[in-house]
Amino acid sequence: MSTNAPAGSFRDKVATVDKEGKRVWVFPTMPKGKLYNARTWLSILYLAVFFLLPFVKVNGHPFFLINILERKFILFGQIFWPQDFFIFGLGMVVFVVFVALFTVVFGRVFCGWMCPQTIFMEMVFRKIEYWIEGDGAQQKLLAKAPWNIDKIMRKGTKWLAFWLISFVIANTFLAYIIGTDELNKIMNEPVGNHVGGFTAIVIFTSVFFFVYSWFREQVCTVVCPYGRMQGVLLDRDSIVVSYDHVRGEQRGKYKKNQERAIGDCIDCMQCVRVCPTGIDIRNGTQLECINCTACIDACNKMMEAVGFETGLIRLASERNIADKKLTRITPRIKAYSGVMVVLLGVLVYLLASRTDVGISVLRTPGQLFQEEGGRLSNLYNYKFLNKTYEDKQLQLKPENFKGEIKLVGKDRLHVPKEDYAAGALFVYVDKRDISQRKTQLRIGVYENGEKIKTITTSFLGPFSAN
Ligand code: SF4
Ligand code: SF4
């Protein structure tokens, strides 16, 4: 985006690092305005969902669980096992394409409004900081002040509050992984029984405390890979938080009762003071901008105060501002949309056709056929995975052949809930029905007399059966 930045411009430096390479601490002014209020309400909803979701149970089972350790995932009450990971993989691809498409159209607005890092930083920890240490300017003074009783009390209270919230977040985070029942055990039983879980809580708490008390905006400006992708995803049609340089420049101080012959930017610096990443949006779109829209609120307030039209900083594309044209639906948007529709279609199909029982029946490696009393038999290994919370009794029946299916060492196929049954079985076929080396057999899998799936497997016979 164009800029009227002076020579030696912002692109030569990072806003939060000084010439000596030292951290420049950001003390943003507390945002106020309609967009900030909307973000606050959205974050309340978001935080309520985040903290309550692990505790929601349906028929005594978690509604949401991401158990990476045991590779067991429950999403909205549906259990997904490692066998379903291709659905997960496809889901991730759909998500990445969606993020790319969303960013091409709306820029980094996800970061400012939905990202957990920003929500916790700006809507939880920063609010507590304003409450204990005061607004940005007061925080700056406190940081420079010598360590007296007041500073020790304020900093100590803040860090204690930060640590407690980090602890709560760490526990909630762990509850998503191991479930609330396991978490309760860690909380209520001796530490020695749960060394791993206890260590995880300490590590998570420390990481969250470090991030929110010290590392802060650097997660977005230095670490986050999504932030780094903006350069390739944004174009002149992307709608991002933008300063209307056509209208705003040449900037200059506002003088009451004096006709203004320059641009509308009154150079009040409020947009800069309020920015949590310490940048000046008037320099144009920058990687550090998380599209939190705090500068829009700040600028609108100033525009109203001096009687100018609001929207000097607004959500707009470069084409909107520089060419005064509407945003276009570019070929890139069309291409991404097409890919996403196809992928979504496949994902929906896979989810809809997903069954409660995962089945694998494969001929035992290294085994040939056996002949006995006019019948041929093959040995198979089976594995039946029960993805539900109920035990299952299954029956196997020949579909396209006359014969018999016999389990080895068992008289019935019992598959325990959330578990699997594995073993071997023989398939017997009348020798006269086998006329080739390999015959495709279809076996019906039944539960309570109802067919739930048909499996296909190959049956090995002699080269020519007589
Ligand atoms: S420039 Fe504006 S939208 Fe971007 S991070 Fe700063 S305050 Fe938020
Ligand atoms: S808040 Fe608006 S008027 Fe003030 S410096 Fe920023 S862009 Fe200019």
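1. Let's start with N378, which sits in strand β10 (residues 375-386); helices (H or I, at least four residues) and strands (E, at least two) are DSSP runs, numbered from the N terminus. This is a predicted model: local features need pLDDT of at least 70, side-chain atom pairs count only at pLDDT 80 or more, and totals for chains, interfaces and linings use all residues. Residues are numbered from 1 along each chain as its sequence is written, chains are lettered from A and ligands numbered from 1 in the order in which they are written, and side-chain values use heavy atoms, with hydrogens and water left out.

2. Is N378 buried or exposed? N378 has a relative accessible area of 1%, so it counts as buried (buried means under 20% relative accessible area, exposed over 50%, partly exposed in between, with a 1.4 Å probe and protein chains only). Beyond residues up to four places away in sequence, N378 touches R363, F369, L425, F426, V427, S458, F459 and L460, where contact means heavy atoms within 4.5 Å.

3. Next, please look at D297 in helix α14 (residues 294-306). D297 is buried, because its relative accessible area is 6%. Although D297 and G33 are 264 residues apart in sequence, their C-alpha atoms are 5.1 Å apart in space. Apart from residues up to four places away in sequence, D297 touches K32, G33, K34, L35 and Y36. Its side chain has a polar atom 3.2 Å from the backbone nitrogen of L35, and a polar atom of the D297 side chain lies 2.7 Å from the backbone nitrogen of Y36.

4. P31 is found in the segment before α1 (34-52), and its relative accessibility of 9% is why it counts as buried. Its C-alpha atom is separated by 5.7 Å from that of A294, 263 residues apart along the chain. Leaving aside neighbours within four places in sequence, the contacts of P31 are Y36, Y130, V274 and A294.

5. R108 lies in the loop between α2 and α3 (109-113). Its relative accessibility is 2%, so R108 is buried. Which residues does R108 touch, not counting residues up to four places away in sequence? They are C220, Y226, G227, Q230, L287, E288, C289, I290 and N291. The side chain of R108 reaches the backbone oxygen of L287 at 2.4 Å. By contrast, 55 Å separates the C-alpha atoms of R108 and E399, 291 residues apart along the chain.

6. Now for the ligands. Ligand 1 is surrounded by 13 residues, with C275, C289, C292, T293 and C295 the closest; a residue is near a molecule or strand if one of its heavy atoms lies within 4 Å of it. That shell divides into ten nonpolar, three polar and no charged residues (Ala, Val, Leu, Ile, Met, Phe, Trp, Tyr, Cys and Pro count as nonpolar, Asp, Glu, Lys and Arg as charged, and the others, Gly among them, as polar). Around ligand 2 are Y243, C265, I266, D267, C268, M269, C271, R282, C299, M303 and I313. By class, nine of the residues around ligand 2 are nonpolar, none polar and two charged.

7. Some backbone details deserve a second look. Most residues other than glycine have a negative phi, and most peptide bonds are trans. The peptide bond from E249 to Q250 is cis, with omega near 0°, and Q250 belongs to the loop between α12 (245-248) and α13 (270-273). E418, in the loop between β13 (413-415) and β14 (420-430), has a positive phi near 50° without being a glycine. With a relative accessible area of 23%, E418 is partly exposed. N448 is not a glycine either, and has a positive phi of about 50°; its place is the loop between β15 (438-447) and β16 (450-460). N448 is exposed, with a relative accessible area of 70%.

Notes. Polar contact = N/O pair within 3.5 Å; in protein donor to acceptor, adjacent residues only side chain to side chain.
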